[in-house]
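Please look over the sequence and the model, then read the points below by topic.

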Amino acid sequence: PGSGYEEILRKLYNGITELGFYTKAELKMAVKQIKEEPTSATINRLLALQAGIREHKQSLLKSLSQVKEEDGYALWREQESKDLSDLVQRRIQFLQNPEDCSTAKKLICNLNKGCGFGCQLHHAVYCFLVAYGTQRTLILKSKGWRYHKGGWEEVFKPVSETCLSPEGDSLANWPGKPDTQVLVLPIIDSLLPPRSPYLPPAVPADLAPRLARLHGHPLSWWVGQFLKYLLRPQATISDLLKNTADKLGFKGPIVGVHIRRTDKVGTEAAFHPLDEYMPAVAEWFDQQIANGKTIDKRRVFLASDDPKVISEARTRFPDYEILGDPDIAKTAAIGTRYSDTSLYGIIIDIHFLSRCDFLVCTFSSQVCRVAYEIMQSLHVDASASFRSLDDIYYYGGQNAHNWKVAQSHVAKRKEEIDLKVGDSIAVAGNHWDGYSRGKNRRTGMQGLYPSFKVEDRVEAVKFPTYPEVPL
Ligand code: GDP
């Protein structure tokens, strides 16, 4: 191990022990004070406790980041991450470029699902996952696309160099028969049971052990690989992104904030004021400073479909450098949304959100989930580099997914439920206050439980292993 490794492990042990001493003693004092004099002295004591815990937490997180720096695995992580990505990209290339397009098995996917760009990208990825799982070349139909009539290929590289024709000897709607040459896949919402096993949260079993070791959330990594392939830009788009980076002065350290408003608010998500996003941004920068990093400027890339929020942020948070373009936000409104200008705007916003060091957003929005997924293809493991103000990560239309109880729990209030090690939990959401809500499949009980006691697990499913592609 690295020279400071053992020292940091001891520091972590001490830090956790100290945190225990500190909170125990302070809580004892607080309880005593509440009994004696329920006055402002009690409140002050609790506020001091809160500040004290924050400092302990920063110090522990610093030690933890040092563990990673000192453990000597940095090169291995980088190499493993690159190897896995290269392998998946080669397999996709192989699948998408059959030697004879006239006899190749194909899966037709209509890009133009009646929804926004993030939703359509997820639709395309869903098709791609089924294509990969069934070893059919993905044919992406996009003429008359609501965002760009000329179609996908005028914006991004075509999904194949050798096989774009949807023609074949036999054609059927999904699921068809294994020997039907061309299958047409419906949108995920219309899939009838038995649904495909290749839908999220499935991750290929042949990659799952390596992914689980390397990455904190293999599913978003896996999805990110398909976005990496799909979003290879045509020259006009790469020029646009380069010019925008210069114009914005985009550079790290930077936090990406996505604020989804307009048509989403009150229908699919709640309104969240800027004051909910900015404390999470501040906390990230504070931790960087605690970790010993130099922060020349607190930079934020702010994307929204509401132009007012960008000027509001600039006025109300003058200590931050707010990068973002209100003119882009203007094109995102529902009336102008399905146009070239709007498309370029959302491509720019997703691109730069994904290039940030940390994301603060609402995972109810597909814009932010896409940015998060792309982010996973740009780092070894950025699975923890986000703060969602509402949902936990999910893939729209995903197959049922259960989390596993790692530590038992006895309900302490009527809102809570009991947990036994090994129970399966259908998670409804994280309240981001230490508790999550879910249903215990064993007992049928629904309610709150401490989030840390239940763990997500990798859903390893047998996919084709593409032996033709060298490992
Ligand atoms: P969701 O509705 O938020 O889940 O995401 P979708 O991507 O499916 O649909 C929302 C659409 O609104 C996007 O595709 C954009 O066209 C537009 N939009 C939403 N937020 C932004 C933003 O921050 N920037 C830009 N440029 N457009 C946005």
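This is a predicted model: local features need pLDDT of at least 70, side-chain atom pairs count only at pLDDT 80 or more; totals for chains, interfaces and linings use all residues.

Strands E12 and E13 form a hairpin with 4 residues between them. In its turn, tryptophan 432 has a positive phi of about 55 degrees.

- E12 covers residues 424–430 and E13 covers residues 435–440.
- The two strands pair in the antiparallel sense over 5 bridges.
- Valine 427 has glycine 438 of E13 as its bridge partner.
- Asparagine 430 stands opposite serine 436, which is also in E13.
- Of the 7 residues in E12, 5 are buried, and the strand is mostly covered.

**The sheet around the hairpin**

- The sheet is open and has 5 strands, in the order E14-E13-E12-E11-E15, with antiparallel pairing.
- E14 (446–450) and E15 (454–455) are the edge strands, each of which pairs on one side only.
- Tryptophan 403 stands opposite isoleucine 425, a residue of E12.
- E13 also pairs with E14, in the antiparallel sense and over 5 bridges.
- Arginine 437 has its bridge partner in E14, namely leucine 448.
- E14 is largely enclosed by the rest of the structure, because 4 of its 5 residues are buried.

**The turn between E13 and E14**

- E13 and E14 form a hairpin with 5 residues between the strands, and glycine 444 there takes a positive phi near 75 degrees.
- Methionine 445 is placed in the loop between E13 and E14.
- Beyond its neighbours within four places in sequence, methionine 445 is in contact with Ile417, Gly438, Lys439 and Asn440.
- From methionine 445 to alanine 25 the C-alpha to C-alpha distance is 35 Å, and the two are 420 residues apart in sequence.

**Nonpolar cores**

- In soluble globular proteins, nonpolar side chains tend to be buried together.
- The largest nonpolar core here has 83 residues, and those that touch the most other members are Phe117, Tyr126, Phe128, Trp152, Trp222 and Phe301.
- Helix H4 gives the most to this core, with 11 residues.
- Another core, of 24 residues, lies apart from the largest one and includes Val281, Ala282, Val360 and Leu389.
- Leaving out residues up to four places away in sequence, phenylalanine 117 touches Trp145, Tyr147, Phe156, Leu343, Ile346, Ile347 and Ile350.

**The second largest pocket**

- This pocket holds about 780 Å³ of space.
- Its lining has 40 residues, and Gly116, Cys119, Arg260, Lys264 and Gln366 lie nearest its centre.
- Five elements each supply at least two residues of the lining: helix H4 (117–134), strand E7 (298–304), helix H10 (326–331), helix H11 (340–354) and helix H12 (366–376).
- H4 gives the most to the lining of this pocket, with 6 residues.
- By class, 14 residues of the lining are nonpolar, 16 are polar and 10 are charged.

**The cavity**

- The model has 1 cavity of 30 Å³ or more.
- The volume of the largest cavity is about 60 Å³.
- The largest cavity is lined by 13 residues, of which Phe301, Gly324, Asp325, Ile328 and Asp349 are the closest to its centre.
- Which elements each supply at least two residues of the lining of the largest cavity? They are helix H7 (235–248), E7, H10 and H11.
- E7 provides the largest share of this lining, 4 residues.
- The lining of the largest cavity divides into 8 nonpolar, 3 polar and 2 charged residues.

Terms used
Residues are numbered from 1 along each chain as its sequence is written. Side-chain values use heavy atoms; hydrogens and water are left out. Buried means under 20% relative accessible area, exposed over 50%, partly exposed in between (1.4 Å probe, protein chains only). Two strands pair if DSSP finds at least two bridges between them. On a 1 Å grid over the protein atoms alone, a cavity is a set of points where a 1.4 Å probe fits but cannot get out, and a pocket is an open set with protein on both sides within 12 Å along at least five of seven lines; lining residues have an atom within 4 Å of a point. Grid points are joined across faces, edges and corners, and a volume is the space filled by probe spheres set on the points. Ala, Val, Leu, Ile, Met, Phe, Trp, Tyr, Cys and Pro count as nonpolar, Asp, Glu, Lys and Arg as charged, and the others, Gly among them, as polar. A nonpolar core is a set of buried Ala, Val, Leu, Ile, Met, Phe, Trp, Tyr and Cys residues joined through side-chain atoms within 4.5 Å. Contact means heavy atoms within 4.5 Å.
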